[in-house]
Structure formats: C-alpha cells, structure tokens
Amino acid sequence: MVVFFNGEFLEKENVAISPDDRGFLFADGVYDVVRAYRGRLFRWQEHLDRLAHGLKELRIEGVSLGGLEKIAFQLLKENGLEAAEATLYLQITRGATLRSHRFPPQGTIPTVYAEANPFTPPIELRKKGASAIIVPDERWGRCDIKTINLLPNTMANQRAFEAGAFEAIFARDGLLLEGSHSSILFVKDDALLCPPLTNFILPGITRNVVLSLASTESISVHIRPCLENEVAEFQEILMLGTTSEIVPITKVNGISVGTGVPGRIARKLQSAFRRITQELKSRS
Ligand code: PLP
C-alpha cells in the first residue's frame, strides 16, 4: 500500500515516524476522514476547512493544505482505488522535536501523513439500524476540533461494543451531544431535532449535508438542546458520519426507539443522501 508521508509517496511499511513526534508523545495533531465515491471526493472543501480550523485553534503553523487534494487523488491512483469505494485518512501533527510541554522551536516542520483505503459501505447496518448506549462525556472542552486525541472516544466506543451496541452517545449535564464517532440527530413530533454546535460538538460534515437535505425534503428542523430525559419521547434517532452516512439507531440502552425499526424520516433522508452520492459517482 502506497501512502504519503512528509512530501513523499512510499510503501506504508517504509514510513518511519519519529518517537519524538508530538502526535506520538502528546496526541498533538488533527486528522480528518473523507469519502471517495468512485474517485470523487465527497465535500472535500468542507473537510479541508475543518482541518484548517483545527490547525488554527491548535496553533500548528507551516502546513499548506492546498496541495492535499492532489495528494488525495494520487493516493487513490497509486492504490488502484480510482473507481472504487474508498476512504482517505489525513493527519497532521506539530512535528518531531525533543519532548517538552512547550511548543517546539520555530521552524519545526509539521508531520503530514495520508493514506487511502478500500471501503465496504455498511449497507446492512444502514438498512436494519443499530443500537447505542448513553455514556458520560469525559472529553475535553474543545470537541469542535478534530484532534487525534480520541481516548475518551475509543473508551466509550469499546464500552458500547462490550454492551453489544454499535455506538456510544455522549451525555453532559443532561444534554445528548454526539456519538463517539458520529453526529446524532433526533426525531420528535415528526421534526428533526439537532443539538446546537458548541465547543462540545464536532461540526460534522454529514450533519450539514443531512440538514440541507431535510430542508429540500420538507422535513422540519429544530436546532435545540436534546435532553437525556427525552429519550423515551424520540420517534427516531439518526447516527451520521462520513463512513456511516445515515444509520438509524433503533435501540438505546436496550430500549426500543419509537417502534424499534428504522423510521420514516431516516428512510427519506437515506434515499435523498443516496441520490447525491449516485449523482457524484456518475459525474464525468
Ligand atoms: N462527531 C465525532 C466525535 C466524530 O468523530 C465524527 C466523525 O468522525 C462525527 C461527529 C461525524 O463527522 P463527519 O460527518 O464529518 O464524518
């Protein structure tokens, strides 16, 4: 597998990341995951903008994001994924320097890594739905940045897995925020409820797409806090993400959501989402 590392395309096994890399030592970096539909990058600019936001907030300087698109296409090509379902993983860290809590000396070059992987869409999961558990949010106060510091997310996801569920939904001060690796929307009184963006929520690209699809599909949307103690009143819960797209959550903490099967709004939005990805795939 050919990957990109600090300006070079090389076999993955030949990548040598320094043990002094700030990503390795401090999880000091950002990442993003982008879907490629038959070689077409989905919402590339939005992912790039989110990376740029993260770099700015973490004060990581000296990376030019402009060249990443070309690198992404090259990776698809090098790995025979130009006409395939694929994902691109991009990661930038503050670079390698002698371990110190302080920022590295001026001029330290950030580490840039990217790889492309074949992807099998979770078709059954989208069709049948998945279950989730609610867990206390133990993350830091800047969840709006897509940092590589994902320990609370992986701990929560593992907890879900061990409970026989697919996703863990973070709750903080009685508010349901998002999943360990997804955005979460709710349906009540036939309207889509969307937790407002704060420092405790990642601005999901899929969430934005789905909100605009809701408007074209004439589904009412209310941006408002969603409460843990409202769970029994939700008709549907939707999990959203770059690789999941839209997965209905049919059970929370072992209890059925609504009728316990994927609901009407999830189905409608899934069809609308499929239309835009089909359109992207057929673009010449
Ligand atoms: N929230 C969190 C915590 C995530 O990790 C992700 C995706 O990885 C999302 C939301 C969904 O974001 P996107 O739709 O941009 O993939």
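Q: Does Ser244 count as buried or exposed, and what is its relative accessibility?

A: The model here is a predicted one. Burial is read from relative accessible area, and under 20% counts as buried. Ser244 has 5% relative accessibility, so it counts as buried. Its place is in the loop between strand E13 (236-241) and strand E14 (245-252).

Q: Which residues is Ser244 in contact with, leaving aside its neighbours within four places in sequence?

A: A contact list shows what packs against a residue through heavy atoms within 4.5 Å. For Ser244 the list holds Pro122, Arg126 and Met239.

Q: How many helices and strands does the secondary structure of the protein come to?

A: There are seven helices and 15 strands. Of the 284 residues, 49% count as buried.

Q: What radius of gyration does the protein have, and what would a compact globule with 284 residues have?

A: The idea is to set the value from the C-alpha atoms against a rule based on the number of residues. A compact globule with 284 residues would have a radius of gyration near 19 Å, and the protein has 19 Å, so the two agree. Along the principal axes, the C-alpha trace spans about 55 × 45 × 30 Å.

Q: What share of the contacts with a separation of 6 or more comes from residues 24 or more positions apart?

A: That share is 72% in this protein. As for the surface, the accessible area comes to about 13,900 Å², and carbon and sulfur atoms hold 53% of it.

Q: Where do Asn6 and Asp173 lie?

A: Asn6 is in the loop between strand E1 (2-5) and strand E2 (8-11). Asp173 is in the loop between strand E8 (167-172) and strand E9 (175-179). Asn6 has 39% relative accessibility and so counts as partly exposed. Asp173 has a relative accessible area of 77%, so it is exposed.

Q: What does the same test give for helix H7?

A: The 18 residues of H7 (residues 264-281) should span 26 Å, and the end C-alpha atoms are 26 Å apart, so expectation and model agree. Among the buried residues of H7 are Ile265, Ala266, Leu269 and Phe273.

Q: How many residues surround the ligand, and which are the closest?

A: A neighbour list comes before any reading of single atom pairs. Here 16 residues surround the ligand, the closest being Arg50, Lys146, Glu178, Thr206 and Thr242.

Q: Where is Cys194 placed, and is it buried or exposed?

A: Cys194 is in strand E11 (residues 191-194). With 0% relative accessibility, Cys194 counts as buried. Not counting residues up to four places away in sequence, Cys194 touches Leu185, Arg207, Leu211, His222, Ile223, Arg224 and Cys226. The C-alpha atoms of Cys194 and Glu178 are separated by 10.0 Å, at 16 residues apart along the chain.

Q: What is the place of Arg224, and what is its relative accessibility?

A: Arg224 is in the loop between strand E12 (221-223) and E13. At 25% relative accessibility, Arg224 counts as partly exposed. Beyond residues up to four places away in sequence, Arg224 touches Lys188, Leu193, Cys194, Pro195, Pro196 and Glu230. The C-alpha atoms of Arg224 and Ile71 are separated by 39 Å.

Conventions. Residues are numbered from 1 along each chain as its sequence is written. This is a predicted model: local features need pLDDT of at least 70, side-chain atom pairs count only at pLDDT 80 or more; totals for chains, interfaces and linings use all residues. Side-chain values use heavy atoms; hydrogens and water are left out. Helices (H or I, at least four residues) and strands (E, at least two) are DSSP runs, numbered from the N terminus. Buried means under 20% relative accessible area, exposed over 50%, partly exposed in between (1.4 Å probe, protein chains only). A residue is near a molecule or strand if one of its heavy atoms lies within 4 Å of it. The radius of gyration is taken over C-alpha atoms; the globule rule is 2.2 Å times the number of residues to the power 0.38. Accessible areas come from the Shrake-Rupley method with a 1.4 Å probe; for residues, only the protein chains shown count as cover. The expected span of a helix is 1.5 Å times one less than its number of residues.
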